[in-house]
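Visitor: I am new to this structure and would like to go through it. Please show it to me.

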Amino acid sequence: MEHARAFEPIQDGRIYIEKINYPMIYQDKAPPAEYWAGLQYARDQGWLEYHESGTFVRMLQPGKDLFA
């Protein structure tokens, strides 16, 4: 969620997935399975909406509330 929050959403609140991928995998050294599990957890908690194309997410209000 911190990585998603670090970027200013673009058109219609979109956060391109590579803006989350790179810091998670290369800076945090998360293995792909852990990265995917974290993304699914955030989606299941209602924090992020994962687009079916796999190219972007949107932070939902409960996710925004985590940082309020």
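Visitor: Which helix gives the most to the lining of the largest pocket?
Guide: This is a predicted model, where local features need pLDDT of at least 70, side-chain atom pairs count only at pLDDT 80 or more, and totals for chains, interfaces and linings use all residues. Residues are numbered from 1 along each chain as its sequence is written, and side-chain values use heavy atoms, without hydrogens and water. Helix 1 (2-5), helix 2 and helix 3 each supply at least two residues of this lining, helices being DSSP runs of H or I, at least four residues, numbered from the N terminus. With 5 residues, the most is given by helix 3.

Visitor: Is G38 buried, partly exposed or exposed?
Guide: G38 sits in helix 3. Buried means under 20% relative accessible area, exposed over 50%, and partly exposed in between (1.4 Å probe, protein chains only). The relative accessibility of G38 is 35%, so G38 counts as partly exposed.

Visitor: Which residues does I20 touch, not counting those up to four places away in sequence?
Guide: I20 is one of the residues that touch the most other members of the largest nonpolar core, which has 13 residues. Such a core is a set of buried Ala, Val, Leu, Ile, Met, Phe, Trp, Tyr and Cys residues joined through side-chain atoms within 4.5 Å. Contact means heavy atoms within 4.5 Å, and with that sequence limit I20 touches H3, A4, I15, Y35 and V57.
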